[in-house]
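Have the viewer open as you read.

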Amino acid sequence: MQYVKLRNHVEMPQEGFGVFQVPEQACEEVVYQAIQTGYRLIDTASSYQNEEAVGRAIQRAVSEDLVRREELFITTKAYIQEMGYENLKEAFARSMDKLGLDYLDLYLIHMPLGDYYGAWRGMEELYQEKKIRAIGVCNFDAARLMDLCYNVKIKPMVDQIERHPHFQRAEDLAVMRRLGVQPQGWAPFAEGLKGMFTEPVLQEIAAKHQKTTAQVILRWNIQQGIVIIPKSVHRERMEENLAIWDFALDEEDMGRISGLDKHCPSMLDCGKPSEIDRLYDYLENPVLTSL
(Lines give C-alpha, C1' and ligand atoms only; values in the text may rest on other atoms or scores of the structure.)
Protein backbone atom coordinates (compact mmCIF):
# COMPACT_ATOMS: atom_id res chain seq x y z
CA MET A 1 0.00 0.00 0.00
CA GLN A 2 1.24 3.47 -0.85
CA TYR A 3 0.40 6.63 1.04
CA VAL A 4 -0.03 10.24 -0.03
CA LYS A 5 1.00 13.12 2.19
CA LEU A 6 -1.61 15.83 2.65
CA ARG A 7 -0.70 19.51 2.83
CA ASN A 8 -0.55 19.33 6.63
CA HIS A 9 1.81 16.31 6.41
CA VAL A 10 -0.84 13.78 7.49
CA GLU A 11 -0.33 10.51 5.59
CA MET A 12 -3.38 9.02 3.91
CA PRO A 13 -3.59 5.52 2.34
CA GLN A 14 -3.92 5.84 -1.41
CA GLU A 15 -6.49 3.05 -1.55
CA GLY A 16 -9.39 2.67 0.84
CA PHE A 17 -12.78 1.05 1.24
CA GLY A 18 -16.12 2.81 0.71
CA VAL A 19 -19.40 1.76 2.33
CA PHE A 20 -22.03 3.72 0.39
CA GLN A 21 -25.15 1.56 -0.09
CA VAL A 22 -23.86 -1.14 2.26
CA PRO A 23 -26.90 -1.87 4.48
CA GLU A 24 -26.54 -1.37 8.21
CA GLN A 25 -27.21 -5.05 8.93
CA ALA A 26 -24.37 -6.20 6.64
CA CYS A 27 -21.95 -3.32 7.09
CA GLU A 28 -20.19 -4.43 10.27
CA GLU A 29 -19.09 -7.77 8.80
CA VAL A 30 -18.20 -6.21 5.44
CA VAL A 31 -15.97 -3.56 7.04
CA TYR A 32 -14.40 -6.13 9.37
CA GLN A 33 -13.55 -8.30 6.35
CA ALA A 34 -12.15 -5.27 4.53
CA ILE A 35 -9.81 -4.58 7.46
CA GLN A 36 -8.85 -8.28 7.52
CA THR A 37 -8.09 -8.07 3.81
CA GLY A 38 -5.72 -5.15 4.35
CA TYR A 39 -7.72 -1.95 3.89
CA ARG A 40 -6.77 0.79 6.32
CA LEU A 41 -8.85 3.69 4.97
CA ILE A 42 -12.60 3.35 5.63
CA ASP A 43 -14.94 5.94 4.10
CA THR A 44 -18.49 6.47 5.39
CA ALA A 45 -20.93 9.39 5.82
CA SER A 46 -23.79 10.40 8.06
CA SER A 47 -26.18 10.09 5.11
CA TYR A 48 -25.13 6.46 4.49
CA GLN A 49 -26.81 5.55 7.79
CA ASN A 50 -24.20 2.93 8.66
CA GLU A 51 -21.72 4.81 10.86
CA GLU A 52 -22.65 2.68 13.89
CA ALA A 53 -21.89 -0.53 12.00
CA VAL A 54 -18.56 0.91 10.81
CA GLY A 55 -17.75 1.82 14.40
CA ARG A 56 -18.55 -1.69 15.63
CA ALA A 57 -16.30 -3.20 12.97
CA ILE A 58 -13.45 -0.89 13.97
CA GLN A 59 -13.82 -1.72 17.66
CA ARG A 60 -13.97 -5.43 16.86
CA ALA A 61 -10.83 -5.32 14.73
CA VAL A 62 -8.94 -3.31 17.35
CA SER A 63 -10.08 -5.48 20.27
CA GLU A 64 -8.93 -8.61 18.41
CA ASP A 65 -5.49 -7.03 17.76
CA LEU A 66 -6.12 -7.22 14.04
CA VAL A 67 -5.11 -3.57 13.72
CA ARG A 68 -4.24 -0.61 15.94
CA ARG A 69 -6.52 2.42 15.83
CA GLU A 70 -3.65 4.65 14.72
CA GLU A 71 -3.13 2.42 11.67
CA LEU A 72 -6.66 3.19 10.46
CA PHE A 73 -7.72 6.28 8.51
CA ILE A 74 -11.42 6.86 9.15
CA THR A 75 -13.47 9.33 7.10
CA THR A 76 -17.03 10.51 7.51
CA LYS A 77 -19.04 13.38 6.03
CA ALA A 78 -21.64 15.97 6.98
CA TYR A 79 -24.66 16.16 4.66
CA ILE A 80 -26.72 19.18 3.56
CA GLN A 81 -29.01 19.33 6.61
CA GLU A 82 -25.87 19.40 8.78
CA MET A 83 -24.49 22.57 7.22
CA GLY A 84 -24.10 25.75 9.26
CA TYR A 85 -21.75 26.38 12.18
CA GLU A 86 -23.87 25.00 15.02
CA ASN A 87 -25.37 22.21 12.92
CA LEU A 88 -21.91 21.04 11.93
CA LYS A 89 -20.68 20.89 15.51
CA GLU A 90 -23.74 18.83 16.49
CA ALA A 91 -23.35 16.59 13.43
CA PHE A 92 -19.72 15.90 14.27
CA ALA A 93 -20.64 14.90 17.84
CA ARG A 94 -23.33 12.54 16.53
CA SER A 95 -20.98 10.90 14.05
CA MET A 96 -18.25 10.46 16.64
CA ASP A 97 -20.72 8.90 19.05
CA LYS A 98 -21.94 6.48 16.38
CA LEU A 99 -18.41 5.61 15.30
CA GLY A 100 -17.22 5.26 18.90
CA LEU A 101 -14.04 7.22 18.18
CA ASP A 102 -12.23 9.92 20.14
CA TYR A 103 -10.73 11.49 17.00
CA LEU A 104 -11.43 11.42 13.27
CA ASP A 105 -8.84 11.22 10.51
CA LEU A 106 -10.81 13.11 7.84
CA TYR A 107 -14.09 15.03 7.99
CA LEU A 108 -15.70 16.17 4.74
CA ILE A 109 -18.50 18.50 3.65
CA HIS A 110 -20.54 16.09 1.54
CA MET A 111 -22.16 18.48 -0.95
CA PRO A 112 -21.47 22.05 -2.15
CA LEU A 113 -24.95 23.03 -0.95
CA GLY A 114 -26.46 24.80 2.02
CA ASP A 115 -24.45 26.93 4.45
CA TYR A 116 -21.17 25.14 3.89
CA TYR A 117 -19.21 28.30 4.76
CA GLY A 118 -20.69 28.27 8.25
CA ALA A 119 -20.00 24.54 8.47
CA TRP A 120 -16.42 25.10 7.36
CA ARG A 121 -15.82 27.50 10.26
CA GLY A 122 -16.95 24.74 12.60
CA MET A 123 -14.65 22.26 10.89
CA GLU A 124 -11.71 24.64 11.17
CA GLU A 125 -12.28 24.87 14.93
CA LEU A 126 -12.55 21.10 15.32
CA TYR A 127 -9.33 20.72 13.35
CA GLN A 128 -7.54 23.31 15.50
CA GLU A 129 -8.80 21.46 18.60
CA LYS A 130 -7.13 18.31 17.15
CA LYS A 131 -10.40 16.39 17.08
CA ILE A 132 -9.89 15.90 13.34
CA ARG A 133 -6.55 15.24 11.64
CA ALA A 134 -7.63 16.63 8.25
CA ILE A 135 -10.64 18.44 6.75
CA GLY A 136 -11.97 18.59 3.23
CA VAL A 137 -14.90 18.63 0.84
CA CYS A 138 -16.78 16.39 -1.60
CA ASN A 139 -18.23 17.10 -5.02
CA PHE A 140 -16.75 20.60 -5.31
CA ASP A 141 -15.89 21.45 -8.89
CA ALA A 142 -12.92 23.67 -9.68
CA ALA A 143 -14.83 26.96 -9.42
CA ARG A 144 -16.48 26.19 -6.08
CA LEU A 145 -13.24 24.82 -4.66
CA MET A 146 -11.34 27.95 -5.69
CA ASP A 147 -13.97 30.21 -4.16
CA LEU A 148 -13.88 28.30 -0.87
CA CYS A 149 -10.08 28.31 -0.75
CA TYR A 150 -9.97 32.07 -1.34
CA ASN A 151 -12.32 32.77 1.57
CA VAL A 152 -11.31 30.50 4.45
CA LYS A 153 -8.47 30.40 6.95
CA ILE A 154 -7.64 26.74 6.45
CA LYS A 155 -7.92 25.39 2.91
CA PRO A 156 -9.45 21.95 2.31
CA MET A 157 -6.84 19.20 2.31
CA VAL A 158 -8.96 16.79 0.22
CA ASP A 159 -11.66 17.07 -2.46
CA GLN A 160 -13.53 13.80 -3.02
CA ILE A 161 -15.07 13.77 -6.50
CA GLU A 162 -16.66 11.40 -9.01
CA ARG A 163 -13.69 10.28 -11.06
CA HIS A 164 -13.35 7.41 -13.56
CA PRO A 165 -12.25 6.85 -17.19
CA HIS A 166 -15.53 8.29 -18.53
CA PHE A 167 -15.19 11.47 -16.42
CA GLN A 168 -11.51 12.32 -16.05
CA ARG A 169 -11.77 15.96 -14.92
CA ALA A 170 -8.41 17.29 -16.04
CA GLU A 171 -9.28 20.92 -15.21
CA ASP A 172 -10.51 20.06 -11.72
CA LEU A 173 -7.36 18.06 -11.02
CA ALA A 174 -5.14 20.87 -12.28
CA VAL A 175 -6.84 23.34 -9.92
CA MET A 176 -6.44 20.92 -7.00
CA ARG A 177 -2.74 20.59 -7.72
CA ARG A 178 -2.37 24.36 -7.83
CA LEU A 179 -4.22 24.77 -4.52
CA GLY A 180 -2.48 21.88 -2.78
CA VAL A 181 -5.71 19.88 -2.42
CA GLN A 182 -5.47 16.08 -2.62
CA PRO A 183 -7.95 14.54 -5.09
CA GLN A 184 -9.88 11.47 -3.98
CA GLY A 185 -12.06 9.56 -6.42
CA TRP A 186 -15.40 8.04 -5.52
CA ALA A 187 -17.19 5.59 -7.84
CA PRO A 188 -13.97 4.67 -9.68
CA PHE A 189 -15.98 2.15 -11.72
CA ALA A 190 -19.05 4.42 -12.13
CA GLU A 191 -21.00 1.37 -10.93
CA GLY A 192 -20.47 -0.11 -14.39
CA LEU A 193 -22.63 2.53 -16.07
CA LYS A 194 -22.22 3.39 -19.76
CA GLY A 195 -20.45 0.09 -20.44
CA MET A 196 -17.46 0.81 -18.21
CA PHE A 197 -16.47 -2.84 -17.72
CA THR A 198 -16.94 -3.72 -21.39
CA GLU A 199 -14.82 -0.91 -22.84
CA PRO A 200 -12.61 -2.70 -25.44
CA VAL A 201 -9.61 -0.49 -24.58
CA LEU A 202 -9.79 -1.40 -20.90
CA GLN A 203 -10.30 -5.07 -21.68
CA GLU A 204 -7.28 -5.11 -24.00
CA ILE A 205 -5.05 -3.40 -21.44
CA ALA A 206 -6.27 -5.80 -18.76
CA ALA A 207 -5.41 -8.81 -20.93
CA LYS A 208 -1.98 -7.34 -21.66
CA HIS A 209 -1.15 -7.13 -17.94
CA GLN A 210 -3.07 -10.29 -16.95
CA LYS A 211 -5.28 -8.20 -14.69
CA THR A 212 -8.99 -7.43 -14.56
CA THR A 213 -10.62 -4.35 -16.04
CA ALA A 214 -11.37 -3.14 -12.49
CA GLN A 215 -7.71 -3.45 -11.53
CA VAL A 216 -6.66 -1.45 -14.59
CA ILE A 217 -9.10 1.34 -13.68
CA LEU A 218 -7.80 1.50 -10.12
CA ARG A 219 -4.17 1.43 -11.25
CA TRP A 220 -4.87 4.22 -13.76
CA ASN A 221 -6.15 6.36 -10.91
CA ILE A 222 -3.30 5.77 -8.48
CA GLN A 223 -0.66 6.44 -11.14
CA GLN A 224 -2.12 9.93 -11.39
CA GLY A 225 -1.92 10.49 -7.64
CA ILE A 226 -5.65 9.94 -6.97
CA VAL A 227 -6.79 8.34 -3.70
CA ILE A 228 -9.42 5.69 -4.48
CA ILE A 229 -12.21 4.10 -2.42
CA PRO A 230 -13.69 1.13 -4.29
CA LYS A 231 -16.54 -0.77 -2.62
CA SER A 232 -17.55 -4.40 -2.63
CA VAL A 233 -19.45 -6.68 -0.27
CA HIS A 234 -17.63 -9.74 -1.65
CA ARG A 235 -14.33 -10.83 -0.10
CA GLU A 236 -12.83 -11.96 -3.42
CA ARG A 237 -13.52 -8.54 -4.98
CA MET A 238 -12.02 -6.78 -1.95
CA GLU A 239 -8.85 -8.81 -2.50
CA GLU A 240 -8.92 -8.18 -6.24
CA ASN A 241 -9.22 -4.43 -5.76
CA LEU A 242 -6.20 -4.43 -3.45
CA ALA A 243 -4.05 -6.44 -5.86
CA ILE A 244 -2.98 -3.43 -7.93
CA TRP A 245 0.44 -2.70 -6.46
CA ASP A 246 2.43 -5.29 -8.42
CA PHE A 247 2.09 -3.87 -11.94
CA ALA A 248 2.17 -0.54 -13.75
CA LEU A 249 0.48 0.88 -16.81
CA ASP A 250 2.84 2.23 -19.44
CA GLU A 251 2.61 5.52 -21.29
CA GLU A 252 0.71 3.94 -24.18
CA ASP A 253 -1.85 2.44 -21.78
CA MET A 254 -2.39 5.76 -20.06
CA GLY A 255 -2.79 7.53 -23.37
CA ARG A 256 -5.37 5.07 -24.62
CA ILE A 257 -7.41 5.40 -21.44
CA SER A 258 -7.32 9.19 -21.75
CA GLY A 259 -9.26 8.79 -24.98
CA LEU A 260 -12.24 7.30 -23.12
CA ASP A 261 -13.19 10.59 -21.46
CA LYS A 262 -16.82 11.53 -22.12
CA HIS A 263 -16.37 14.85 -20.24
CA CYS A 264 -19.58 14.46 -18.25
CA PRO A 265 -20.55 12.71 -15.01
CA SER A 266 -22.17 9.30 -14.97
CA MET A 267 -23.35 9.47 -11.37
CA LEU A 268 -23.93 12.99 -10.05
CA ASP A 269 -24.15 16.44 -11.64
CA CYS A 270 -24.40 19.24 -9.07
CA GLY A 271 -24.81 21.71 -11.92
CA LYS A 272 -28.25 20.40 -12.90
CA PRO A 273 -31.37 21.78 -11.16
CA SER A 274 -32.99 18.34 -11.24
CA GLU A 275 -30.02 16.92 -9.34
CA ILE A 276 -30.28 19.63 -6.69
CA ASP A 277 -33.95 18.72 -6.21
CA ARG A 278 -32.96 15.07 -5.93
CA LEU A 279 -30.28 15.78 -3.33
CA TYR A 280 -32.58 17.87 -1.17
CA ASP A 281 -35.36 15.28 -1.52
CA TYR A 282 -32.98 12.77 0.00
CA LEU A 283 -33.45 14.47 3.36
CA GLU A 284 -37.00 13.11 3.48
CA ASN A 285 -36.63 10.06 1.26
CA PRO A 286 -33.12 8.59 1.65
CA VAL A 287 -32.98 6.50 -1.52
CA LEU A 288 -30.24 7.69 -3.85
CA THR A 289 -27.98 5.95 -6.31
CA SER A 290 -25.05 8.35 -5.89
CA LEU A 291 -23.95 10.35 -2.90
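First, some ground rules. This is a predicted model, so local features need pLDDT of at least 70 and side-chain atom pairs count only at pLDDT 80 or more, while totals for chains, interfaces and linings use all residues. Residues are numbered from 1 along each chain as its sequence is written, and side-chain values use heavy atoms, with hydrogens and water left out.

Counting secondary structure gives 11 helices and 10 strands; these are DSSP runs numbered from the N terminus, with helices being H or I over at least four residues and strands being E over at least two. The radius of gyration is 18 Å, close to the 19 Å from the globule rule for 291 residues, so the protein is as compact as a globular protein of that length. That radius is taken over C-alpha atoms, and the rule is 2.2 Å times the number of residues to the power 0.38. Along the principal axes, the C-alpha atoms fill a box of roughly 55 × 45 × 40 Å.

How much of the protein is buried? Of the 291 residues, 58% are, where buried means under 20% relative accessible area, exposed over 50%, and partly exposed in between (1.4 Å probe, protein chains only). As for contacts (heavy atoms within 4.5 Å), take those with a separation of 6 or more: 74% of them are between residues 24 or more positions apart.

Now for the loops. Ala 248 sits between α9 (235-242) and α10 (251-258), and at 45% relative accessibility it counts as partly exposed. Leaving aside residues up to four places away in sequence, Ala 248 touches His 209, Arg 219 and Gln 223. Ala 248 and Trp 220 are 28 residues apart in sequence, with their C-alpha atoms 8.5 Å apart in space.

Next, check the backbone angles. Most residues other than glycine have a negative phi. Which way does phi go at Gln 210, positive or negative? Gln 210 has a positive phi of about 55 degrees, although it is not a glycine. Gln 210 lies in the loop between α7 (200-209) and α8 (213-222), and is exposed, with a relative accessible area of 74%.

His 263 is another non-glycine residue with a positive phi, about 60 degrees. You'll find His 263 in the loop between α10 and α11 (273-281), exposed with a relative accessible area of 64%.
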